[in-house]
Amino acid sequence: MEETAVNFKNLGIREFQGHKKKVHSVAWNCSGTKLASGSVDHTARVWNIDAHGHGKVKDIELKGHTDSVDQLCWDPKHADLLATAAGDKTVRLWDARSGKCSQQVELSGENINITYKPDGTHLAVGNKEDELTILDVRKFKPIHRRKFNYEVNEIAWNTTGELFFLTTGNGTVEVLAYPSLIILHTLVAHTAGCYCIAIDPVGRYFAVGSADSLVGLWDISEMLCVRTFTKLEWPVRTISFNHTGEFIASASEDPFIDISNVQTGRSVHQIPCKAAMNSVEWNPKHNLLAYAGDDKNKYQADEGVFRIFGFEST
(Lines give C-alpha, C1' and ligand atoms only; values in the text may rest on other atoms or scores of the structure.)
Protein backbone atom coordinates (compact mmCIF):
# COMPACT_ATOMS: atom_id res chain seq x y z
CA MET A 1 0.00 0.00 0.00
CA GLU A 2 1.46 3.36 -0.99
CA GLU A 3 1.85 6.15 1.46
CA THR A 4 -0.18 8.50 -0.74
CA ALA A 5 -3.25 6.24 -0.44
CA VAL A 6 -4.36 8.19 2.65
CA ASN A 7 -4.52 11.95 2.31
CA PHE A 8 -4.65 12.97 5.95
CA LYS A 9 -4.71 16.67 5.07
CA ASN A 10 -8.29 16.40 3.77
CA LEU A 11 -9.62 14.78 6.94
CA GLY A 12 -11.49 16.57 9.70
CA ILE A 13 -11.87 16.43 13.49
CA ARG A 14 -14.99 16.08 15.62
CA GLU A 15 -15.19 16.82 19.33
CA PHE A 16 -17.23 14.73 21.79
CA GLN A 17 -18.19 16.16 25.16
CA GLY A 18 -19.87 14.43 28.07
CA HIS A 19 -17.43 13.97 30.93
CA LYS A 20 -17.15 16.47 33.79
CA LYS A 21 -13.39 15.98 34.17
CA LYS A 22 -10.51 15.03 31.92
CA VAL A 23 -10.58 11.85 29.87
CA HIS A 24 -7.79 9.38 30.65
CA SER A 25 -8.55 6.58 28.21
CA VAL A 26 -10.29 5.97 24.89
CA ALA A 27 -10.83 2.57 23.25
CA TRP A 28 -12.73 1.21 20.22
CA ASN A 29 -14.75 -1.99 20.24
CA CYS A 30 -13.74 -4.87 17.95
CA SER A 31 -16.17 -3.86 15.18
CA GLY A 32 -15.09 -0.21 15.22
CA THR A 33 -18.66 1.01 15.80
CA LYS A 34 -18.42 2.11 19.43
CA LEU A 35 -15.89 4.11 21.39
CA ALA A 36 -15.56 4.02 25.17
CA SER A 37 -14.05 6.84 27.22
CA GLY A 38 -12.90 6.67 30.84
CA SER A 39 -12.56 9.76 32.99
CA VAL A 40 -11.30 11.24 36.24
CA ASP A 41 -15.02 11.96 36.93
CA HIS A 42 -15.40 8.25 38.01
CA THR A 43 -17.46 7.31 34.94
CA ALA A 44 -16.99 5.66 31.60
CA ARG A 45 -19.11 6.47 28.54
CA VAL A 46 -19.91 4.50 25.42
CA TRP A 47 -20.47 6.36 22.15
CA ASN A 48 -21.95 4.98 18.91
CA ILE A 49 -19.71 6.35 16.16
CA ASP A 50 -20.55 6.43 12.47
CA ALA A 51 -17.37 5.95 10.44
CA HIS A 52 -18.26 8.88 8.18
CA GLY A 53 -19.16 11.21 11.03
CA HIS A 54 -22.85 11.46 10.11
CA GLY A 55 -25.72 11.90 12.52
CA LYS A 56 -26.04 12.86 16.16
CA VAL A 57 -23.99 10.75 18.53
CA LYS A 58 -25.77 9.08 21.44
CA ASP A 59 -23.85 8.00 24.49
CA ILE A 60 -24.48 5.83 27.56
CA GLU A 61 -22.97 6.64 30.95
CA LEU A 62 -21.47 3.75 32.93
CA LYS A 63 -21.74 4.61 36.63
CA GLY A 64 -20.49 2.67 39.63
CA HIS A 65 -16.78 3.35 40.12
CA THR A 66 -15.89 5.59 43.07
CA ASP A 67 -12.54 6.80 41.71
CA SER A 68 -10.89 7.74 38.41
CA VAL A 69 -11.48 5.30 35.52
CA ASP A 70 -7.89 5.20 34.32
CA GLN A 71 -8.08 2.58 31.60
CA LEU A 72 -10.63 0.51 29.75
CA CYS A 73 -10.68 -2.11 27.01
CA TRP A 74 -13.25 -4.01 24.96
CA ASP A 75 -13.70 -7.75 24.72
CA PRO A 76 -11.85 -8.62 21.47
CA LYS A 77 -14.59 -11.15 20.53
CA HIS A 78 -17.72 -9.32 21.68
CA ALA A 79 -18.61 -5.83 20.42
CA ASP A 80 -20.75 -4.96 23.46
CA LEU A 81 -18.63 -6.08 26.42
CA LEU A 82 -16.29 -3.60 28.06
CA ALA A 83 -13.89 -3.85 31.02
CA THR A 84 -12.85 -0.87 33.15
CA ALA A 85 -10.02 -0.48 35.67
CA ALA A 86 -10.21 2.25 38.28
CA GLY A 87 -8.43 3.80 41.22
CA ASP A 88 -11.11 2.36 43.55
CA LYS A 89 -9.28 -1.03 43.28
CA THR A 90 -12.15 -2.61 41.32
CA VAL A 91 -12.32 -4.00 37.81
CA ARG A 92 -15.77 -4.03 36.26
CA LEU A 93 -17.32 -5.70 33.24
CA TRP A 94 -20.13 -3.82 31.47
CA ASP A 95 -22.74 -4.53 28.85
CA ALA A 96 -22.61 -1.51 26.53
CA ARG A 97 -26.20 -2.07 25.34
CA SER A 98 -27.77 -1.66 28.78
CA GLY A 99 -25.03 0.32 30.52
CA LYS A 100 -25.19 -2.18 33.39
CA CYS A 101 -22.23 -3.66 35.27
CA SER A 102 -22.42 -7.45 34.96
CA GLN A 103 -19.32 -8.45 36.97
CA GLN A 104 -16.90 -6.82 39.35
CA VAL A 105 -13.90 -7.83 41.40
CA GLU A 106 -11.87 -5.94 44.00
CA LEU A 107 -8.10 -6.25 43.68
CA SER A 108 -5.26 -5.16 45.97
CA GLY A 109 -4.36 -1.71 44.65
CA GLU A 110 -5.27 1.29 42.49
CA ASN A 111 -5.66 -0.09 38.97
CA ILE A 112 -4.05 1.83 36.13
CA ASN A 113 -3.76 -0.76 33.32
CA ILE A 114 -6.08 -3.29 31.75
CA THR A 115 -5.84 -5.38 28.59
CA TYR A 116 -7.63 -8.39 27.13
CA LYS A 117 -5.92 -11.52 25.87
CA PRO A 118 -6.69 -11.62 22.10
CA ASP A 119 -9.00 -14.65 22.47
CA GLY A 120 -11.06 -12.84 25.15
CA THR A 121 -10.52 -15.48 27.87
CA HIS A 122 -8.24 -13.55 30.24
CA LEU A 123 -7.79 -9.98 31.44
CA ALA A 124 -4.48 -8.59 32.70
CA VAL A 125 -4.63 -5.75 35.22
CA GLY A 126 -1.73 -3.64 36.48
CA ASN A 127 -1.82 -1.40 39.54
CA LYS A 128 0.19 1.47 41.03
CA GLU A 129 2.06 -0.99 43.27
CA ASP A 130 3.55 -2.75 40.19
CA GLU A 131 1.42 -5.81 40.74
CA LEU A 132 0.04 -7.80 37.82
CA THR A 133 -3.22 -9.74 38.20
CA ILE A 134 -4.57 -12.14 35.57
CA LEU A 135 -8.35 -12.60 35.68
CA ASP A 136 -10.32 -15.48 34.22
CA VAL A 137 -13.06 -13.58 32.36
CA ARG A 138 -15.72 -16.31 32.63
CA LYS A 139 -15.47 -16.66 36.41
CA PHE A 140 -14.22 -13.08 36.87
CA LYS A 141 -11.73 -14.23 39.49
CA PRO A 142 -7.94 -13.76 39.77
CA ILE A 143 -6.01 -16.83 38.62
CA HIS A 144 -2.51 -15.36 38.93
CA ARG A 145 -0.85 -12.51 40.82
CA ARG A 146 2.70 -11.31 40.57
CA LYS A 147 4.42 -8.36 42.21
CA PHE A 148 7.44 -6.88 40.44
CA ASN A 149 10.30 -5.11 42.19
CA TYR A 150 10.54 -2.47 39.46
CA GLU A 151 8.16 0.08 37.95
CA VAL A 152 5.74 -1.55 35.49
CA ASN A 153 4.16 1.05 33.22
CA GLU A 154 2.13 -0.71 30.54
CA ILE A 155 1.19 -4.26 29.59
CA ALA A 156 0.22 -6.04 26.36
CA TRP A 157 -0.23 -9.45 24.77
CA ASN A 158 1.01 -10.19 21.26
CA THR A 159 -1.64 -11.02 18.63
CA THR A 160 -1.56 -14.78 19.36
CA GLY A 161 -1.57 -14.46 23.16
CA GLU A 162 1.64 -16.51 23.56
CA LEU A 163 3.80 -13.55 24.63
CA PHE A 164 3.15 -10.98 27.33
CA PHE A 165 5.00 -7.65 27.43
CA LEU A 166 5.76 -5.26 30.30
CA THR A 167 7.33 -1.83 29.84
CA THR A 168 9.42 -0.80 32.85
CA GLY A 169 10.84 2.25 34.53
CA ASN A 170 14.32 0.77 33.95
CA GLY A 171 14.11 1.45 30.21
CA THR A 172 13.53 -2.23 29.47
CA VAL A 173 10.78 -4.30 27.94
CA GLU A 174 10.25 -7.63 29.67
CA VAL A 175 8.95 -10.33 27.32
CA LEU A 176 7.22 -13.18 29.16
CA ALA A 177 5.90 -16.51 27.93
CA TYR A 178 2.16 -16.93 28.46
CA PRO A 179 0.60 -18.52 30.46
CA SER A 180 3.73 -19.49 32.47
CA LEU A 181 4.87 -15.82 32.81
CA ILE A 182 8.48 -16.98 32.60
CA ILE A 183 10.74 -14.15 31.40
CA LEU A 184 12.08 -14.97 27.93
CA HIS A 185 13.81 -11.68 27.08
CA THR A 186 14.82 -8.47 28.80
CA LEU A 187 15.14 -5.92 26.00
CA VAL A 188 17.21 -2.85 26.76
CA ALA A 189 14.98 -0.54 24.78
CA HIS A 190 15.60 3.05 25.91
CA THR A 191 17.89 5.25 28.00
CA ALA A 192 14.93 6.28 30.19
CA GLY A 193 11.73 4.65 31.43
CA CYS A 194 9.54 2.86 28.89
CA TYR A 195 6.01 4.19 29.28
CA CYS A 196 3.75 2.71 26.62
CA ILE A 197 3.54 -0.21 24.22
CA ALA A 198 1.43 -1.02 21.17
CA ILE A 199 1.22 -4.22 19.13
CA ASP A 200 0.91 -3.95 15.35
CA PRO A 201 -2.41 -5.68 14.41
CA VAL A 202 -0.65 -7.60 11.61
CA GLY A 203 1.62 -9.13 14.27
CA ARG A 204 5.00 -8.15 12.82
CA TYR A 205 6.02 -5.37 15.17
CA PHE A 206 5.54 -3.82 18.55
CA ALA A 207 6.32 -0.20 19.39
CA VAL A 208 7.56 1.26 22.67
CA GLY A 209 7.30 4.89 23.76
CA SER A 210 9.75 6.24 26.30
CA ALA A 211 10.56 9.13 28.62
CA ASP A 212 13.52 9.82 26.28
CA SER A 213 10.90 11.13 23.77
CA LEU A 214 11.61 8.34 21.26
CA VAL A 215 9.35 5.61 19.89
CA GLY A 216 11.16 2.37 19.06
CA LEU A 217 9.80 -0.11 16.50
CA TRP A 218 10.66 -3.74 17.25
CA ASP A 219 10.46 -6.84 15.08
CA ILE A 220 8.58 -9.44 17.18
CA SER A 221 10.14 -12.52 15.58
CA GLU A 222 13.72 -11.22 15.92
CA MET A 223 13.24 -9.13 19.08
CA LEU A 224 15.33 -6.41 17.42
CA CYS A 225 14.74 -2.66 17.21
CA VAL A 226 14.43 -1.84 13.49
CA ARG A 227 13.53 1.85 13.57
CA THR A 228 13.01 4.85 15.83
CA PHE A 229 10.56 7.71 15.45
CA THR A 230 11.98 11.00 16.64
CA LYS A 231 9.33 13.69 16.08
CA LEU A 232 8.28 14.20 19.71
CA GLU A 233 10.30 16.25 22.19
CA TRP A 234 8.57 15.21 25.42
CA PRO A 235 8.17 11.83 27.15
CA VAL A 236 5.98 9.63 24.97
CA ARG A 237 2.71 8.92 26.79
CA THR A 238 0.63 6.98 24.28
CA ILE A 239 1.02 5.19 20.93
CA SER A 240 -1.23 3.23 18.56
CA PHE A 241 -0.96 1.41 15.21
CA ASN A 242 -3.70 1.82 12.62
CA HIS A 243 -5.71 -1.22 11.45
CA THR A 244 -3.40 -2.05 8.52
CA GLY A 245 -0.22 -1.62 10.58
CA GLU A 246 0.90 1.03 8.07
CA PHE A 247 0.78 4.07 10.36
CA ILE A 248 1.66 4.75 13.98
CA ALA A 249 0.33 7.64 16.07
CA SER A 250 2.28 8.91 19.06
CA ALA A 251 1.63 11.70 21.54
CA SER A 252 3.08 13.41 24.59
CA GLU A 253 3.11 16.95 25.94
CA ASP A 254 4.07 18.24 22.49
CA PRO A 255 1.48 20.52 20.80
CA PHE A 256 0.68 17.86 18.19
CA ILE A 257 0.02 14.15 17.70
CA ASP A 258 2.43 12.64 15.21
CA ILE A 259 1.36 10.14 12.56
CA SER A 260 4.29 8.37 10.91
CA ASN A 261 4.65 5.74 8.22
CA VAL A 262 5.81 2.53 9.91
CA GLN A 263 7.98 1.32 7.01
CA THR A 264 9.75 4.57 6.15
CA GLY A 265 9.76 6.19 9.61
CA ARG A 266 8.65 9.42 7.94
CA SER A 267 6.10 11.71 9.61
CA VAL A 268 3.08 11.97 7.28
CA HIS A 269 0.77 14.17 9.35
CA GLN A 270 0.55 16.07 12.62
CA ILE A 271 -2.72 16.75 14.43
CA PRO A 272 -2.52 19.95 16.49
CA CYS A 273 -3.50 19.66 20.16
CA LYS A 274 -3.65 22.15 23.02
CA ALA A 275 -2.75 19.90 25.96
CA ALA A 276 -0.75 16.86 27.00
CA MET A 277 -2.33 13.72 25.55
CA ASN A 278 -3.35 10.74 27.72
CA SER A 279 -4.61 8.31 25.09
CA VAL A 280 -4.55 7.82 21.31
CA GLU A 281 -6.34 4.88 19.70
CA TRP A 282 -6.91 3.96 16.06
CA ASN A 283 -10.20 2.40 15.01
CA PRO A 284 -9.77 -1.33 14.14
CA LYS A 285 -11.52 -0.97 10.75
CA HIS A 286 -11.05 2.62 9.54
CA ASN A 287 -8.45 5.39 9.64
CA LEU A 288 -10.15 7.16 12.52
CA LEU A 289 -7.95 8.21 15.45
CA ALA A 290 -9.55 8.93 18.83
CA TYR A 291 -7.53 10.99 21.28
CA ALA A 292 -7.96 12.59 24.69
CA GLY A 293 -5.85 14.72 26.97
CA ASP A 294 -5.67 17.32 29.70
CA ASP A 295 -7.69 19.95 27.81
CA LYS A 296 -8.87 22.96 29.83
CA ASN A 297 -11.51 25.56 29.00
CA LYS A 298 -10.98 29.32 29.26
CA TYR A 299 -11.72 29.14 33.00
CA GLN A 300 -8.92 26.56 33.42
CA ALA A 301 -11.41 23.82 34.28
CA ASP A 302 -11.19 20.33 32.71
CA GLU A 303 -13.07 20.20 29.41
CA GLY A 304 -13.86 16.48 29.65
CA VAL A 305 -13.65 16.00 25.89
CA PHE A 306 -12.15 13.59 23.42
CA ARG A 307 -11.76 14.07 19.69
CA ILE A 308 -11.73 11.88 16.62
CA PHE A 309 -9.57 12.71 13.63
CA GLY A 310 -10.18 11.12 10.23
CA PHE A 311 -13.71 12.10 9.24
CA GLU A 312 -14.23 13.24 5.66
CA SER A 313 -14.36 17.02 5.64
CA THR A 314 -17.67 18.35 4.36
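Student: In what order do the 4 strands of the open sheet lie, and is the pairing parallel or antiparallel?

Tutor: Strands of a sheet pair through backbone hydrogen bonds, either parallel or antiparallel. In this predicted model, 4 strands form an open sheet in the order S6-S7-S8-S9, and the pairing is antiparallel. The edge strands are S6 (69–74) and S9, each of which pairs on one side only. From one strand to the next, the twist averages 20°. Strands here are DSSP runs of E with at least two residues, numbered from the N terminus; two strands pair if DSSP finds at least two bridges between them.

Student: How many bridges join strand S7 and strand S8?

Tutor: Strand S7 (residues 81–86) and strand S8 (residues 90–95) pair in the antiparallel sense over 5 bridges. Ala85 has Val91 in S8 as its bridge partner.

Student: Is Gly109 buried or exposed?

Tutor: Buried means under 20% relative accessible area, exposed over 50%, and partly exposed in between (1.4 Å probe, protein chains only). Gly109 counts as buried because its relative accessibility is 1%. Gly109 is placed in the loop between strand S9 (100–106) and strand S10 (111–116). Beyond its neighbours within four places in sequence, Gly109 is in contact (heavy atoms within 4.5 Å) with Lys89, Asn127 and Glu129.

Student: Why is strand S12 described as largely enclosed?

Tutor: Strand S12 (residues 131–136) is largely enclosed by the rest of the structure because 6 of its 6 residues are buried. One side carries Glu131, Thr133 and Leu135, and the other Leu132, Ile134 and Asp136.

Student: Which strands pair with S12?

Tutor: Strand S11 (residues 122–127) pairs with S12 in the antiparallel sense over 5 bridges, and Val125 stands opposite Thr133. S12 also pairs with strand S13 (residues 141–147), in the antiparallel sense over 6 bridges; the bridge partner of Ile134 in S13 is His144. In the hairpin of S11 and S12, with 3 residues between the strands, Asp130 takes a positive phi near 60°.

Terms used. Residues are numbered from 1 along each chain as its sequence is written. This is a predicted model: local features need pLDDT of at least 70, side-chain atom pairs count only at pLDDT 80 or more; totals for chains, interfaces and linings use all residues. Side-chain values use heavy atoms; hydrogens and water are left out. Axes are lines fitted to C-alpha atoms, for helices over the stretch in contact, and angles run from 0 to 180 degrees between N-to-C directions.
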